[in-house]
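Please look at the sequence and the structure shown here. The report after it describes a few places in the chain.

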Amino acid sequence: MSGRTKEKPPARDVVRCAIYTRKSTEEGLEQEFNSLDAQREAGEAYIKSQQHEGWVCVPDAYDDGGFTGANMERPALRRLLCNIEEGKVDCVVVYKVDRLSRNLMDFGRIIEILDRHNVAFVSVTQSFNTSTSMGRLILNVLLSFAQFEREMISERTRDKIAAARRKGKWSGGMPVLGYDVVNTKLVVDECEAGRVREIFRLYLDQQSLLDVAKEINARGWRTKRWVTKKSEVRGGKLFDKGSLHRLLTNVVYIGKLTYKTEVHEGEHEAIVDLDAFNQAQALLERNGRSGGREVRNKHNALLRGLMHCGACDCGMSHSYSKKGSKLYRYYVCHRAQKRGWEECPAPSLPAGEIERFVIDQIKRIGRDPALIRTTLAQVQRQSDEELQRLAAEKTALGRDVRQDYVEVGRLAGTAMAGDPRLLEVQTRIRDAERRMTVIGEELASLKSQVIDEKDVVASLGEFDSTWEALAPREQARVLELLIERVTYDADTSTLSITYRPTGIKSLAKKGIDRIEEAA
């Protein structure tokens with residue numbers, strides 16, 4: 001035990017003692033008699049033993065359950081220091097020094113406040129006299145060991161997290177959209193998993209973070225909503241470009257976990273197809289380099305980002321050279337650029353010739369009966385998938401709305417009018433019901449929509465005239481929406497075009513004008 005003062009304080013008839021208790025974790029705090037109670041009981045017994053000196057225990061409890069001693073961000077500690085500055089406390093009693101702080105600098109700040117207000121400091125289980133230089137040395141040694149212990153605990157915790165991640169185990173924290181945490185493991189939430197897959201699909205189709213964020217926010221979808229052990233609600237916010245980018249780049253969705261820069265196989269189930277995930281990463285990287293689709297295409301490269309070298313299985317970038325006032329454009333193999341021209345059988349292709357060939361192929365779609373039938377089959381299959389997707393989304397929204405109405409009923413009993421939690425839930429209900437209305441209309445429209453061969457021929461027949469009227473940037477955007485990849489195979493000297501099914505569908509249903517408007 002020690003009384004701690006630099007100068008002898010004025011004699012007091014009554015010494016008002018405040019007991020401060022702390023526990024780093026919440027484990028065991030739910031018990032009827034927990035660690036905080038034990039610390040308080042020891043402090044009360046000590047104060048009682050000093051009753052003859054006029055020591056009395058103040059009625060206020062200063063308990064920080066679940067707070068680290070590594071910093072001063074503790075509500076009970078802040079309240080105690082405030083009461084000390086108001087002159088309501090004469091002595092602070094703790095069970096051990098490290099209950100007050102495990103940081104030497106923080107402890108020094110606290111002691112400075114106590115000294116300034118002539119408040120004594122007592123550790124029940126550690127006896128020292130801080131009025132002497134030897135007592136202060138002992139106190140500093142104790143605090144140094146406390147800080148050392150805290151740092152060792154931190155290192156062990158980090159090592160444990162690293163080992164768990166390397167074994168593919170979930171090591172805690174807030175789960176991401178699509179998963180819940182059950183018995184410390186990530187478990188797929190089928191409803192949210194469907195939304196995650198749909199978000200990936202929307203990004204691959206629309207190729208714009210901002211547009212996708214607007215779309216999913218309009219549907220009433222929000223970021224992962226999670227209630228902590230302290231009953232604090234996290235997440236459930238609107239999507240923005242940042243949160244959407246984090247979702248699209250999170251390897252958790254392909255069944256992996258990360259530790260710093262390492263990527264490891266996880267124990268949990270993947271919910272996003274690996275091809276779709278890789279396509280999204282390639283698109284994000286491409287948009288990141290180019291600044292997105294709005295960046296000006298200086299040399300009108302219609303197939304920029306779409307050309308692929310079949311022999312080297314890598315992309316081809318647009319390049320050019322000048323002779324006098326004449327510009328020569330090419331698509332150049334990435335492998336040839338990095339390792340030398342001799343590494344690729346077709347390192348460079350004339351851009352204008354390739355682009356004309358691709359455009360001619362698109363124009364021929366309307367003249368090819370077999371290709372039209374294939375297109376119609378794709379449209380029908382996609383319509384069926386869209387019907388199933390919308391129906392599933394409507395069911396999930398209905399479930400969310402029912403849960404939100406239950407929460408409104410619970411909050412109505414405790415919250416005041418204008419409570420932000422109540423307003424947030426009501427907003428979610430309104431957005432979800434609005435989205436359900438839109439889905440109902442889309443379902444009705446899809447069910448009544450029939451596209452026949454004549455519509456396809458008519459729409460594609462307009463391609464020639466409309467195409468020429470578009471600006472080069474608009475033409476590039478239309479090709480980007482229609483085509484997934486153009487591959488040149490040097491071994492067979494063939495060029496193959498892989499279309500985006502959704503792009504072909506839009507072309508057949510709406511025509512090129514509407515596609516460009518959507519872009």
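This is a predicted model: local features need pLDDT of at least 70, side-chain atom pairs count only at pLDDT 80 or more; totals for chains, interfaces and linings use all residues.

Residues are numbered from 1 along each chain as its sequence is written, and side-chain values use heavy atoms, with hydrogens and water left out.

Helices (H or I, at least four residues) and strands (E, at least two) are DSSP runs, numbered from the N terminus. Buried means under 20% relative accessible area, exposed over 50%, and partly exposed in between (1.4 Å probe, protein chains only).

| Residue | Relative accessible area | State |
|---|---|---|
| Leu247 | 7% | buried |
| Arg40 | 14% | buried |

Leu247 belongs to helix H8 (residues 241–248). Contact means heavy atoms within 4.5 Å. Leaving aside residues up to four places away in sequence, Leu247 touches Leu177, Val196, Ile199, Phe200, Phe239 and Tyr253. Val176 is 71 residues from Leu247 in sequence, yet their C-alpha atoms are 8.0 Å apart in space.

Arg40 sits in helix H1 (residues 35–49). Residues that Arg40 touches, not counting those up to four places away in sequence, include Ile19, Thr21, Cys57 and Asp60. A polar atom of the Arg40 side chain lies 3.5 Å from the backbone oxygen of Asp60.

In strand E5 (residues 120–123), Ala120 and Val122 point one way, Phe121 and Ser123 point the other way, and all are buried. Strand E4 (residues 91–94) pairs with E5 in the parallel sense over 4 bridges; two strands pair if DSSP finds at least two bridges between them. Opposite Phe121 in E5 stands Val92.

Terms used:
A polar contact is a pair of N or O atoms within 3.5 Å; within protein, one must be able to donate a hydrogen and the other to accept it, and residues adjacent in sequence count only if both atoms are side-chain atoms.
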